[in-house]
Amino acid sequence: MGKCDVIILAAGASTRAKADKMLYKLLEGTVIERTVQAFLPLPFVSRIIIATNTDNQEQIAKLFKDYDNSSIEVVLGSNSRHLSVKSALQKAQAPYVLIHDGARPFVNAELIRRVYEATCKSGSAIPALPLTDSIRKVDNASITDGIDREKYMLVQTPQGFDTAKIKQAFVQAEHTSYTDESLLYLEQIGLPKVVAGCEDNYKITTWQDLLSARVKVGIGWDLHNLKEGIPLVICGIRVPYNKGLEAHSNGDVAIHAIIDALLSASGLPDIGCFFPDSSPAYKGVDSMELLAIAYNKVKALNKKINNLSVLIIADEPKLNPYGEQMKKRLCLALGIKAEQLAIHFKTSEGHAPAGCVQSWAICAMF
Ligand code: MG
């Protein structure tokens with residue numbers, strides 16, 4: 001399969017969002033950076049061409065100055081989507097091209113790959129979702145007709161095309177402007193292929209969309225018994241004590257709770273599905289290694305941590321003195337800032353099962 005270039009449209013006027021939504025900060029980077037980062041690591045992506053407007057061109061070019069310059073190019077688009085795509089297409093050289101709205105920063109690798117593979121196979125691919133609400137025709141504040149929603153779908157981006165064919169479509173449509181490329185392709189070339197879209201890949205349109213940039217919360221819990229003669233490791237830190245936590249792995253109870261919270265917030269199955277305690281591969285394993293594997297699965301879905309709260313409940317030993325060390329270790333492992341992580345310690349005042357350590361973790365991701 002040939003490679004593809006990606007055109008990202010960042011030239012819209014953002015009138016409904018009342019601010020340049022491309023430059024809006026989503027905790028870690030701007031909307032446009034988040035969008036570009038979804039495509040950047042994919043092996044089949046050759047170049048990323050960002051079409052900007054005169055107002056944000058300089059700022060967007062500055063944002064990507066430190067990225068791998070050979071794979072990102074910022075070009076001046078137009079306030080018409082049709083003309084922006086047309087001018088960006090002149091830079092596209094790979095056999096296929098994916099055209100994506102810069103305001104859909106939550107697109108994930110799975111969807112991009114689905115569109116790309118279908119484009120290689122069929123020459124075009126448009127992601128679409130079924131309609132869930134009913135649609136009615138309205139005239140003068142009265143419903144005048146109904147629409148059979150089974151026959152309609154909501155189209156998303158990235159929309160994939162054979163580069164030569166979509167270029168040809170633009171030449172043929174010299175005097176017409178289209179609202180998206182699926183319609184252009186339909187009228188100028190043929191029937192575009194439809195593939196399954198993704199609910200998370202919504203388009204930021206209003207100021208409310210920006211403010212509520214979809215946070216999902218996940219929870220994790222774990223408990224292990226203390227046993228004499230084994231090392232005690234919590235949050236990746238060795239705590240000096242005469243007992244450690246008994247488990248198939250190294251028993252890092254807090255890391256196990258954190259892994260489940262990350263997986264849960266990302267809609268993935270729990271820790272036991274990925275690292276079964278029946279598998280000899282995980283016998284005595286450092287749980288930080290399991291965290292790295294699980295976190296990579298989460299990052300592959302283009303999910304980022306908003307904040308993580310960890311609670312560790314132990315009547316023995318005193319863990320408070322190791323809190324700062326634990327926090328540093330976790331921030332480093334997860335690539336998050338100190339203000340995104342809280343670790344609290346409690347005792348059960350003798351109410352928990354004797355000689356155990358429990359941990360809860362709650363993680364918000366977006
Ligand atoms: Mg466990």
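By class, five nonpolar, two polar and two charged residues line the second largest cavity. Ala, Val, Leu, Ile, Met, Phe, Trp, Tyr, Cys and Pro count as nonpolar; Asp, Glu, Lys and Arg count as charged; the others, Gly among them, count as polar. The lining residues are I313, A314, D315, E316, S348, A352, P353, G355 and C356. This cavity has a volume of about 40 Å³. The structure holds two cavities of 30 Å³ or more.

A cavity is a set of points, on a 1 Å grid over the protein atoms alone, where a 1.4 Å probe fits but cannot get out; lining residues have an atom within 4 Å of a point. Grid points are joined across faces, edges and corners, and the volume is the space filled by probe spheres set on the points.

## Basis of the model

This is a predicted model: local features need pLDDT of at least 70, side-chain atom pairs count only at pLDDT 80 or more, and totals for chains, interfaces and linings use all residues. Residues are numbered from 1 along each chain as its sequence is written, and side-chain values use heavy atoms, with hydrogens and water left out.

## The five-stranded sheet

An open sheet of five strands runs in the order β14-β11-β17-β15-β16, with mixed pairing. Its edge strands are β14 (243–246) and β16 (341–346), each pairing on one side only. From one strand to the next, the twist averages 25°. Strands (E, at least two residues) and helices (H or I, at least four) are DSSP runs, numbered from the N terminus. Two strands pair if DSSP finds at least two bridges between them.

Strand β15 (residues 305–314) pairs with β17 (residues 356–365) in the antiparallel sense, over nine bridges. I313 has Q358 of β17 as its bridge partner. I312 stands opposite S359 in β17. With β16, β15 runs parallel, joined by six bridges. There, V310 has I343 as its bridge partner.

## Helices on the sheet

Helix α8 (residues 253–265) lies across β11 (216–228), β14, β15 and β17, and runs at about 160° to β11. Axes are lines fitted to C-alpha atoms, for helices over the stretch in contact, and angles run from 0 to 180 degrees between N-to-C directions.

The axes of α8 and helix α10 (residues 287–299) come within 10 Å and cross at roughly 5°. The two helices are therefore roughly parallel to each other. Angles under 35 degrees count as roughly parallel, over 145 as roughly antiparallel, 65 to 115 as roughly perpendicular and the rest as oblique. I255, H256, I258, I259, L262 and L263 of α8 meet S287, M288, L290, L291, A294, Y295 and V298 of α10. Contact means heavy atoms within 4.5 Å. By class, this contact has eleven nonpolar, two polar and no charged residues.

## A crossing helix pair

Helix α5 (residues 163–172) and helix α6 (residues 181–188) have axes that come within 9 Å and cross at roughly 80°. That makes α5 roughly perpendicular to α6. K165, I166, A169, F170 and Q172 in α5 meet E181, L184, Y185 and Q188 in α6. The contact has five nonpolar, two polar and two charged residues.

## Backbone features in loops

T157 and P158 are joined by a cis peptide bond, with omega about 10°. P158 lies in the loop between β8 (153–155) and β9 (159–162). The peptide bond from E316 to P317 is also cis, with omega near -15°. P317 lies in the loop between β15 and α11 (323–334).

N140 is not a glycine, yet has a positive phi of about 55°. N140 lies in the loop between β6 (136–139) and β7 (142–146).

Methods
1 Å grid on protein atoms, 1.4 Å probe; cavity = no way out; pocket = protein on both sides within 12 Å on 5 of 7 lines; lining within 4 Å.
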